[in-house]
Amino acid sequence: MFRKEKAMPKGIVMRFEEFSTKFVQQVGKKEGAISPVMINSASFGYGDSETGEGIFDGSVKKPLYSRMGNPTSGQLEQILAQMDGGIGCVATSSGMGATAMATISLLKSGDEIVSVGGLFGGTYSYFSETLTRFGISTRFFDVDELEVIEAAITDKTKILFLESVGNPNMRLPDIKKIAAIANKFGVVLMVDNTCTPLSVAPIALGADIIVYSTTKIITGNASSLGGAVVFRAIKEGEDKFKTQRYAEVHPFIKKMGAMALIANAKKRALRDFGMSANGFGSYLTMLGLETLPIRMDRIVGSVEKVALALNAAGFTINHPCLSGHPHHERYKSQFSQGCGTLLTIDMGNKEAAFAFLNRSKLITITANIGDSRTLGLHMGSTIYRDFDDVTKEFLGITPGLIRISIGLENPDDIIEDFITARGL
Ligand SMILES: *Cc1c(COP(=O)(O)O)cnc(C)c1O
């Protein structure tokens, strides 16, 4: 059943039940092979030269070459686009591939990014180190610095980038308010929704582009690295993409209309950088996607149960379901389907954190999140080891911080294991 149904704000559809039906029906077929047909061919024969010409000019809808699109990935793309109310989706080789494709396809040297909340370590390095080398600068803000965010937007700002839930700081953005700022200035709002597929619907809340690491909860079992970008349609009449700020997209709008952002991403990023998904990866991702709603529903319930029980047992837990969390009210009103699989525990120091992780019988120690199994990782010695102290403080990385991704195990077993592993 739906959780906390009464708390649902308008504009967000209750989606766990809706997609329980849609996903299994769309991934499976009524005739012939039921599980998705996996096409792993890198290239495709055109039959005759006229057809080849048509494929290249876009008048014939047949596969061109797998870097530009693969039929199995195409099925996954259609399902994900529908999940988020986008006009289309492009699957990629990884979540970082998705972020790279979505951003590079819009940016040029001299442009600026305003990054709000989060931030996943890889995305932080990509913005602060790699894009800087190409003359693209990023400024980073907390989710509640709304006035400062407005003041940071200039004529050169092309992307307002937002993570749907801070990983690992567990801070929650007011997505509608941040979308309103993006729309006021005519800047694209890009949301990394990796932690909260189905639970958060960014396009319905005013975002333009959604990026996913499908490696995480969407596939959900560590079988495949992958990513995806969902794009909204270009609107008839006024649209921020039709302004001078996005002049490079205008030729695609002229040719492709509503679908322009798909063509732009494929030509400006996928074709030239090659972060393309492969058929086998997309096949595995669809097998995971089938059960996403029931896994998500169970895990967001378990996360709350575990957070509340461990908090009561004296652990230092960071999760917005706790009444002392600064975004507790926002969690209840805007994240009524949960905020994903994560919570964090501060063990006070690195030694205590290592001892806890090593003693736990259930935790798999790894850098992944969103798995069927409960995963855990000490942050300071791993993902954030190379970050300086100021950055660590901004990202909420304390010396004893452990990130936990709750899995499908019985939550009572998780609670018991954690209390035993603390070994007081
Ligand atoms: C893991 C992750 C990514 C990167 O995804 P990969 O598939 O590992 O490349 C991006 N954003 C978030 C929030 C993530 O958790």
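This is a predicted model: local features need pLDDT of at least 70, side-chain atom pairs count only at pLDDT 80 or more; totals for chains, interfaces and linings use all residues.
Residues are numbered from 1 along each chain as its sequence is written, and side-chain values use heavy atoms, with hydrogens and water left out.

**Exercise 1. The ligand's surroundings**

Work out which residues come nearest to the ligand, and find their polar contacts with it (pairs of N or O atoms within 3.5 Å).

Step 1. The ligand has 13 residues around it, and those that come nearest are Gly-95, Asp-192, Ser-213, Thr-215 and Lys-216. Being near takes a heavy atom within 4 Å.

Step 2. Look at Asp-192: an N or O atom of its side chain lies 2.6 Å from a ligand nitrogen. For Lys-216, a side-chain N or O atom is 2.7 Å from a ligand oxygen. Gly-95 takes part through its backbone, where a polar atom is 2.8 Å from an oxygen of the ligand.

**Exercise 2. The cysteines**

Find out how many disulfides the structure has, and explain why Cys-89 and Cys-321 form none.

Step 1. Searching the whole structure gives zero disulfides; a disulfide would need two cysteine sulfur atoms within 2.5 Å.

Step 2. Take Cys-89: its closest cysteine sulfur, in Cys-195, is 18 Å away, so it is too far for a bond. Cys-89 is buried, at 6% relative accessible area (buried means under 20%, with a 1.4 Å probe and protein chains only).

Step 3. Now Cys-321: the closest cysteine sulfur belongs to Cys-339, 7.9 Å away, which is also too far for a bond. Cys-321 counts as buried too, with 9% relative accessibility.

Technical notes:
A polar contact is a pair of N or O atoms within 3.5 Å; within protein, one must be able to donate a hydrogen and the other to accept it, and residues adjacent in sequence count only if both atoms are side-chain atoms. Buried means under 20% relative accessible area, exposed over 50%, partly exposed in between (1.4 Å probe, protein chains only).
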